[in-house]
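Have the sequence and the 3D view ready, and let's take a walk through them together.

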Amino acid sequence: MKQTYSIFTLVRNALSYHKDWQEAWRSPAPKPEYDVIVIGGGGHGLATAYYLAKEHGITNVAVLEKGWIGGGNTGRNTTIVRSNYLWDESAHLYEHSLKLFEGLTQDLNYNVMFSQRGLMNLAHTQHDMQALRRRVYAIQLNGIDSEILTPEQIKEMVPILDCSTSARYPIMGASLQRRGGVARHDAVAWGFARKADERGVDIIQNCEVTGFKIENGVVKGVETTRGFIGAKKVGIVVAGHSGVLAGMAGFRLPVESHPLQALVSEPIKPILNTVVMSPQVHVYVSQSDKGELVLGAGIDAYTSYAQVGSPFIIENQLNALTDLFPCFGRLRMLRQWGGIVDTCPDASPIIGKTPVENLFLNCGWGTGGFKATPGSGNVFAHTIARGEPHPLAVPFALERFSTGYLIDEHGAAGVAH
Amino acid sequence: MLLISCPYCGPRDEHEFAYGHEGHIARPTLEQQQTMTDAEWADYLFMRKNPKGVHFERWVHARGCRQWFNVARHTVTHEIIKVYKMGEPAPQLEQK
Ligand SMILES: Cc1cc2nc3c(=O)[nH]c(=O)nc-3n(C[C@H](O)[C@H](O)[C@H](O)COP(=O)(O)OP(=O)(O)OC[C@H]3O[C@@H](n4cnc5c(N)ncnc54)[C@H](O)[C@@H]3O)c2cc1C
Ligand SMILES: [Zn+2]
C-alpha cells in the first residue's frame with residue numbers, strides 16, 4: 001500500500017529529516033508479457049495506464065519510456081488548461097479533460113497545482129470581435145463557461161494592459177474562460193505514475209521501443225532496447241515520434257513533427273494573475289507561482305526532431321510580448337527550450353485504432369495537448385480496454401482523413417496552446 | 001536558422017524562404033482520379049513520411065527569385081545535404 005501524502009505524513013517525515021519517504025513508483029524489470037503495453041511515458045501514456053487500471057481493472061500493464069517519464073512535451077509545455085474550443089467534438093473532449101483536472105489533485109492524492117485563474121483571449125480588430133463572439137456563443141451552447149469582456153473589464157483584471165485606443169494593438173474586447181488556468185506539468189506526470197504504479201502498472205524508463213512484432217496483421221509485442229516484450233494490446237502515445245513508431249508498424253500518418261519553443265523570465269513580483277492570449281499579436285503568457293513569466297512561442301516551419309528551435313522565433317516572440325506589454329521590455333529571460341510537437345492538418349488529435357489489429361494510437365495533440373492529459377488518457381484507456389472507441393473519441397479516428405470529417409481547430413489551437 | 005543555397009541565387013538566410021513540406025508527392029493524373037478511393041485520396045492529401053533522418057522536401061525562395069526547388073535535409077541535425085531543382089529525382093544518399 002502506498003503511503004498517502006498529507007500534512008500528517010509530511011510532519012512525520014520531517015521528524016526523520018525526509019529520509020524515509022517511500023519511492024513514488026518502482027523501477028521493475030520488464031516481464032515477458034503484458035495485457036497492455038503503453039509506449040511513451042508522457043502524461044498521456046501514464047494517464048492511459050492509470051485509467052486502464054482504475055476504470056477497467058486491467059493492471060497487467062507496462063508503460064515503456066525511452067528516456068525519463070515526463071521528459072517529452074509533458075515537461076516542456078506552458079501548462080495552459082482550457083476547454084474553449086469551437087466545434088462540438090473538441091469542446092466535449094477538452095471539457096471532459098478539464099472536468100477531470102478539477103478533481104485530479106484529490107483523485108491522485110498528488111498536488112497538481114491546478115490553478116483556475118482564468119484565461120483571456122484578446123480581440124484587436126472588428127473581425128477578431130466577430131470571430132470571438134461566434135466562438136463564445138458556440139462554447140456557451142455546449143454548456144461550457146465562456147464570456148465576453150469589455151475593455152473596461154479587461155483593464156480591471158489586467159491593469160498592465162494598455163486598453164486605450166492609441167495602443168499599438170488596440171484592445172476591443174476579450175473572451176474569458178474563468179475555469180481555465182495552469183497546472184504543474186511534472187506533477188501531472190508524476191501523480192499519474194505514482195497512482196498507476198500503486199495499482200500494479202510497471203513503469204519502465206530507459207526502454208526505447210525499436211520495432212513491433214506483427215503476425216497476420218495482429219500485433220504480438222514490441223522490440224525494445226531491453227529485449228522483446230510480448231503484449232496482447234499495444235498503445236502508441238509518443239507525441240512527436242508518432243510518425244517514427246507508425247513507420248515501424250508499416251503505416252503512415254497525417255502528422256508532421258515540428259519544434260515548438262517556450263521560455264521563462266527572471267522571477268518578478270506578482271503582476272499577472274490570469275493567462276493572457278492574443279492570437280493576433282501571437283502572445284500567450286502567464287506568471288508562475290515562482291514569479292517567472294511563462295511564455296510560448298510559435299513552431300518552426302520545417303519538420304524536425306531536434307528539440308531545439310530557431311533563435312529568431314524567440315526574437316519574434318519577445319517583440320510580440322513587448323508590443324502588447326511594453327512594461328516587460330527590460331525583463332531578462334532565464335531559460336528557453338523546445339519540444340517536438342505532432343501537428344495534424346486539422347489541428348485535432350487522432351485517437352483510436354490503426355491498420356494493425358490490437359495496435360492503438362493516440363497522437364496529433366500538437367501544440368495543445370497538455371490540457372487534455374487526463375481526458376485523453378481516460379478515453380484512450382476505454383478505447384484499448386473495449387477495443388472500440390470511447391464515444392468522445394469516435395470523431396477523432398484516423399478514418400476522418402478518408403471520410404473528410406475533419407475537425408478544424410486552427411482557430412482554437414493555431415496560436416493559443 | 002538555416003543557410004539555404006537557392007539553386008538560382010546562391011546561399012541566403014532562411015528568412016527569405018518559405019517551407020513547402022514533403023516533396024516528390026505526385027498529383028494523381030486525371031485518369032487515376034476517376035477510380036481513386038477515398039483512402040487513396042487521403043493518402044495523397046494527408047499522409048506523410050515525416051522521417052527522423054533525411055527528409056526530401058520543397059522550399060520556395062519567396063522573398064527572392066520566387067522559384068521552387070528541392071532540399072535533402074536531416075531532421076535531427078538540420079544539415080542541408082543537397083539542394084536540387086524541381087523535377088529532378090531524389091538523390092541516392094548514404095544512410096546518415
Ligand atoms: C513549448 C511547448 C508549449 C506547449 N504549451 C502547451 C500549453 O500551454 N497547453 C497545452 O495544453 N499543451 C501545450 N503543449 C503541448 C503539450 O505539451 C503536448 O500536447 C502534451 O504534453 C503531449 O503529451 P504526451 O504525453 O502525448 O507526449 P510527451 O510528453 O512528449 O510524451 C511522449 C513520450 O514518448 C516517449 N517516446 C518517444 N519515442 C519512444 C519510443 N520509441 N519508445 C519509448 N518511448 C518513446 C518520449 O520520450 C516521451 O517521453 C506545448 C508543447 C510545447 C513543446
Ligand atoms: Zn532564388
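What follows is a short tour of selected features in chains A and B. Keep in mind that this is a predicted model.

## Chain B at a glance

Let's begin with chain B. If you draw a box along the principal axes around the C-alpha atoms of chain B, the box is roughly 45 × 30 × 20 Å.

Over to chain A and its helix pairs. To describe two packed helices, you give the angle between their axes and the distance between the axes. Take helix α2 (residues 43-56) and helix α7 (residues 185-198) of chain A: their axes come within 8 Å and cross at roughly 30°. Angles under 35 degrees count as roughly parallel, and α2(A) and α7(A) are therefore roughly parallel to each other. Their crossing is left-handed.

Which residues touch? On the α2(A) side they are A:Gly43, A:Leu46, A:Ala47, A:Ala49, A:Tyr50 and A:Tyr51, and on the α7(A) side A:Ala189, A:Phe192, A:Ala193, A:Lys195 and A:Ala196. Sorted by class, the contact of α2(A) with α7(A) has 9 nonpolar residues, 1 polar and 1 charged.

## Helix α2 meets helix α10

α2(A) also packs with helix α10 (residues 373-386) of chain A, at an angle of about 55° and with the axes 7 Å apart. That angle makes α2(A) oblique to α10(A). The two pass each other in a right-handed crossing.

From α2(A), the contact includes A:His44, A:Thr48, A:Leu52 and A:Glu55, and among its partners in α10(A) are A:Ser376, A:Phe380, A:Ile384 and A:Arg386. By class, the contact of α2(A) with α10(A) splits into 8 nonpolar, 9 polar and 2 charged residues.

## Helix α3 meets helix α10

α10(A) has another helix to pack with: helix α3 (residues 88-102) of chain A, at about 110°, with the axes 7 Å apart. This makes α3(A) roughly perpendicular to α10(A). The crossing of α3(A) and α10(A) is right-handed.

Here α3(A) brings A:Leu93, A:His96, A:Ser97, A:Leu100 and A:Phe101, while α10(A) brings A:Thr373, A:Pro374, A:Gly375, A:Asn378 and A:Val379. How many charged residues does the contact of α3(A) with α10(A) have? There are no charged residues in it; the count is 5 nonpolar and 5 polar.

One last stop, at the backbone. Most residues other than glycine have a negative phi. A:Asn109 is not a glycine, yet its phi is positive, about 50°. You'll find A:Asn109 in the loop between α4 (104-108) and β4 (119-123) of chain A.

A:Asn216 has a positive phi of about 50° too, and this residue isn't a glycine either. Look for A:Asn216 in the loop between β9 (209-215) and β10 (218-224) of chain A.

Definitions and conventions: Residues are numbered from 1 along each chain as its sequence is written. Chains are lettered from A and ligands numbered from 1 in the order in which they are written. This is a predicted model: local features need pLDDT of at least 70, side-chain atom pairs count only at pLDDT 80 or more; totals for chains, interfaces and linings use all residues. Side-chain values use heavy atoms; hydrogens and water are left out. Axes are lines fitted to C-alpha atoms, for helices over the stretch in contact, and angles run from 0 to 180 degrees between N-to-C directions. Helices (H or I, at least four residues) and strands (E, at least two) are DSSP runs, numbered from the N terminus. Angles under 35 degrees count as roughly parallel, over 145 as roughly antiparallel, 65 to 115 as roughly perpendicular and the rest as oblique. A crossing is left-handed if the near helix is turned anticlockwise from the far one by less than a right angle, and right-handed if clockwise. Contact means heavy atoms within 4.5 Å. Ala, Val, Leu, Ile, Met, Phe, Trp, Tyr, Cys and Pro count as nonpolar, Asp, Glu, Lys and Arg as charged, and the others, Gly among them, as polar.
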